[in-house]
Amino acid sequence: MKTIQVILYILFLAIMVSCKEMPKNNEMPKKEKRLPNIVFIYADDLGYGDLSAYGATEITTPNIDNLAISGIKFTNGYATSATCTPSRFALLTGVYPWRNKDAKILPGTAPLIIDTAQVTLPKILKSQGYKTAVVGKWHLGLGNGNVDWNSHIAPGPYEVGFDYSYIMAATQDRVPTVYIKDGYVDNLDLNDPIEVNYEQNFKGEPTGTDNPELLKMKGDLQHSNSIVNGVPRIGYMTGGKSAKWIDENMAVTFLAKAQNFVKAHKKEPFFLYYALQQPHVPRTPNPRFVGASGMGPRGDVILEADWCVGEFLKTLKNEGLLENTLIIVSSDNGPVLDDGYEDQAVEKLGKHTPSGRLRGGKYSLFEAGTRVPFISYWKGQIAPGISNAIISQVDLLSSLSKLAGSEVATQDSQNLLDVLLGKSDQGRESLVLEATSRTAFRQGNWVLIPPYDGPKELKDKGIETGNFKEFQLYNLNKDIGEQENLAKSNLEKLQEMMTTFEAIRGKHYK
Ligand code: NG6
Ligand code: CA
């Protein structure tokens, strides 16, 4: 049996080698066209109305604006979900997040929620010869359920398809508050091992609840566990002193890693997933951005994020990579003001409208939960324009695979490469939207939101979740702010949409 396998393997190798040599023997060898680099820049909680290119007047984001103006600004670009983990899951797998019951906001100790055998965007690109990297926020779980933070942490980004990773495990407001480089906590002193627990504190460790005198920023009850750099977090942690991040330096830390990666791999096609931490809480601008927006920390970190994009673009330009790099900028979910810390996001908002003209925000089934800034830019290849085509981040798997010369279709991910490159405005016909494990449905210019309860804790905080005891139906063409519920007056449309929605989602979608 074994000998047969060996012979087959040798045969296979021989065929592979001869195939590789073939072009040399051709009379007219084709000049190999280099595949374009792909950079996906993903903001965290950036709203549809948070950029000046998308209509903000109280804040100016020149660097991202420049991409939107010189590239394509999508007005109907969507994250798949109104929170982080599910959106990131869909982005990397091309699968709607509601198909995976674990694709919910995860604690820092959660296991990896992507099956390591699953097709992913970085795996496809890698198989096409790309060097792949993720820098920034991960929030898709790590390990198999019982991570030892002091040794190799796996499975994680590498097993999902990233050659290089420099990440934070979950969110900036959750422990562990350390960077993880290629599966190892960066700068860890093994004599000061890290332990993490989301249930109970470690003996002698101060918490936000018990030691308010140590805080430079106050958190609500959920954000009042371990204190790191004067900021109380979700979850408890002990040890790892030398490895703890300094929040105010996080932006430049990730930026430098992103820049170094593209510099190191400029000679081969690369895919960089650059996952910015802003403007998620805790909002901790570097001193040079403190006060820059006049809007408090939330505005300041949006300016900081915009600066990071500008600096990163300079690197691409200086390395001569701009003409061969497709850049996509988007956000993982809509905006939120008060998300657990007293940082004056509400008080200092002034006339700024983070959701633009859309209703709702993060956690919401209304449009602003999932409709986000969505920009594609490729110098010399994409003609500037505005696209109203419906496109979702779940489509990037098929679309970018196509760009890299591979045709991979999943049940949910549509190949919209031509839309992304501005060659077509035929986007999706319909799209399932998700927020806190509930789903709504957009079809053409109509949105259907089935009746749902709760989540009460969000409603109590004044968050417009979009959940209501009756059906909601909106015509976005006439009512982009989703004010006039047409469910009762247009039963026919409601019925038609319910049928299509249930065909995708199943009858037991609740
Ligand atoms: C919520 C947190 C919120 C934020 C969010 C994750 C509470 C009360 N709120 O549970 O502060 O961390 O999770 O945001 O704990 S996301 O953008 O990563 O989905
Ligand atoms: Ca988010």
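**Rings in the core**

A: The structure holds 20 aromatic pairs. Some ground rules: this is a predicted model, where local features need pLDDT of at least 70 and side-chain atom pairs count only at pLDDT 80 or more, while totals for chains, interfaces and linings use all residues. Residues are numbered from 1 along each chain as its sequence is written, chains are lettered from A and ligands numbered from 1 in the order in which they are written, and side-chain values use heavy atoms, with hydrogens and water left out.

Back to the 20 aromatic pairs. Rings of Phe, Tyr and Trp (for Trp, its six-membered ring) pair if their centres lie within 6.5 Å; planes under 30 degrees apart count as stacked, over 60 as edge-to-face and the rest as tilted. Take Phe-40 and Tyr-273: their centres are 6.2 Å apart with 45° between the planes, so this is a tilted pair. Phe-40 sits in strand 1 and Tyr-273 in strand 11 (residues 270-275), so the pair links parts of the chain 233 residues apart. Here, helices (H or I, at least four residues) and strands (E, at least two) are DSSP runs, numbered from the N terminus.

Some rings have a charge over the face, which here means NZ of Lys or CZ of Arg within 6 Å of the ring centre and within 35 degrees of the ring normal. Lys-73 lies over Tyr-54, 5.1 Å from the ring centre, and Lys-257 lies over Tyr-166, at 4.6 Å.

Let's zoom out to the nonpolar core. That is a set of buried Ala, Val, Leu, Ile, Met, Phe, Trp, Tyr and Cys residues joined through side-chain atoms within 4.5 Å. The largest one has 110 residues, and those touching the most other members are Trp-138, Leu-272, Tyr-273, Tyr-274, Phe-312 and Ile-327. Helix 7 (residues 297-318) gives the most to this core, with nine residues. A second, separate core has 30 residues, including Phe-441 and Val-447.

Which residues does Phe-312 contact, leaving aside its neighbours within four places in sequence? Contact means heavy atoms within 4.5 Å. The list for Phe-312 is Val-39, Ile-41, Leu-255, Ala-258, Gln-259, Val-262, Leu-272 and Tyr-274.

Terms used:
Buried means under 20% relative accessible area, exposed over 50%, partly exposed in between (1.4 Å probe, protein chains only).
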